[in-house]
Amino acid sequence: MSTFVPQSLSLRPDIFAIERHDSEDIVGTADWVALVRAPDGLTVIRTVADTADGWRAFQGQSSHDLDVPGMLLSILAPLGEAGLPVFAASTYDADLVLVPASHAEKAVAVLRTAGHDVTA
């Protein structure tokens with residue numbers, strides 16, 4: 001059984017792309033937000049111009065200790081139960097949870113209903 005951890009989240013105004021790259025050429029540009037390397041390639045989350053197929057990101061408004069269980073699950077579980085696609089990236093201080101931009105309003109409502117304080 002998981003523990004629900006209510007959080008203060010903000011919906012970032014940026015539009016993001018989630019991309020797979022075969023080279024590190026993107027690293028020299030200023031628009032990337034997260035880079036995750038795996039044996040099969042480099043995943044890049046970066047800001048883009050407003051597009052219909054972009055992603056919006058929820059970010060915690062305060063940092064949390066790495067040993068607090070359930071932080072990410074408390075965000076992902078209600079979104080998953082609502083049938084919303086998600087992509088998550090974590091940093092030392094916070095989690096970045098992305099949803100398709102077309103589902104952002106629904107995601108805000110779902111997270112608020114679940115007990116999170118969401119600034120949109």
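The model is predicted, so local features need pLDDT of at least 70 and side-chain atom pairs count only at pLDDT 80 or more, while totals for chains, interfaces and linings use all residues. Residues are numbered from 1 along each chain as its sequence is written, and side-chain values use heavy atoms, with hydrogens and water left out.

**The cavity**

Rolling a probe the size of a water molecule over the atoms shows where empty space is left. Here a cavity is a set of points, on a 1 Å grid over the protein atoms alone, where a 1.4 Å probe fits but cannot get out; lining residues have an atom within 4 Å of a point. Grid points are joined across faces, edges and corners, and a volume is the space filled by probe spheres set on the points. The count comes to one cavity of 30 Å³ or more, and the largest cavity holds about 30 Å³. Its lining includes Ala 34, Thr 43 and Phe 87. Strands β3 (32-38), β4 (41-48) and β6 (87-90) each give two or more residues to this lining; helices (H or I, at least four residues) and strands (E, at least two) are DSSP runs, numbered from the N terminus.

**Helix α1**

Which residues of helix α1 (residues 71-81) are buried? They are Met 71, Ser 74, Ile 75, Pro 78 and Leu 79, where buried means under 20% relative accessible area, exposed over 50%, and partly exposed in between (1.4 Å probe, protein chains only). Seen down the axis of α1, these buried residues fall within an arc of 115°, so they line one face of the helix; the arc is that of the directions from the helix axis to the C-beta atoms. They pack against β1 (8-11), β7 (95-100) and α2 (104-113). Just after α1, Gly 83 has a positive phi of about 80°.

**His 116 and Thr 119**

His 116 sits in the loop between α2 and β8 (117-119), and it counts as buried because its relative accessibility is 4%.

| Side chain | Backbone atom | Distance |
|---|---|---|
| His 116 | nitrogen of Gln 7 | 3.1 Å |
| His 116 | oxygen of Ser 74 | 2.8 Å |

Thr 119 lies in strand β8 and is partly exposed, with a relative accessible area of 41%. Leaving aside neighbours within four places in sequence, Thr 119 is in contact (heavy atoms within 4.5 Å) with Leu 9, Ser 10, Leu 11 and Gln 61.

Notes: On a 1 Å grid over the protein atoms alone, a cavity is a set of points where a 1.4 Å probe fits but cannot get out, and a pocket is an open set with protein on both sides within 12 Å along at least five of seven lines; lining residues have an atom within 4 Å of a point. A polar contact is a pair of N or O atoms within 3.5 Å; within protein, one must be able to donate a hydrogen and the other to accept it, and residues adjacent in sequence count only if both atoms are side-chain atoms.
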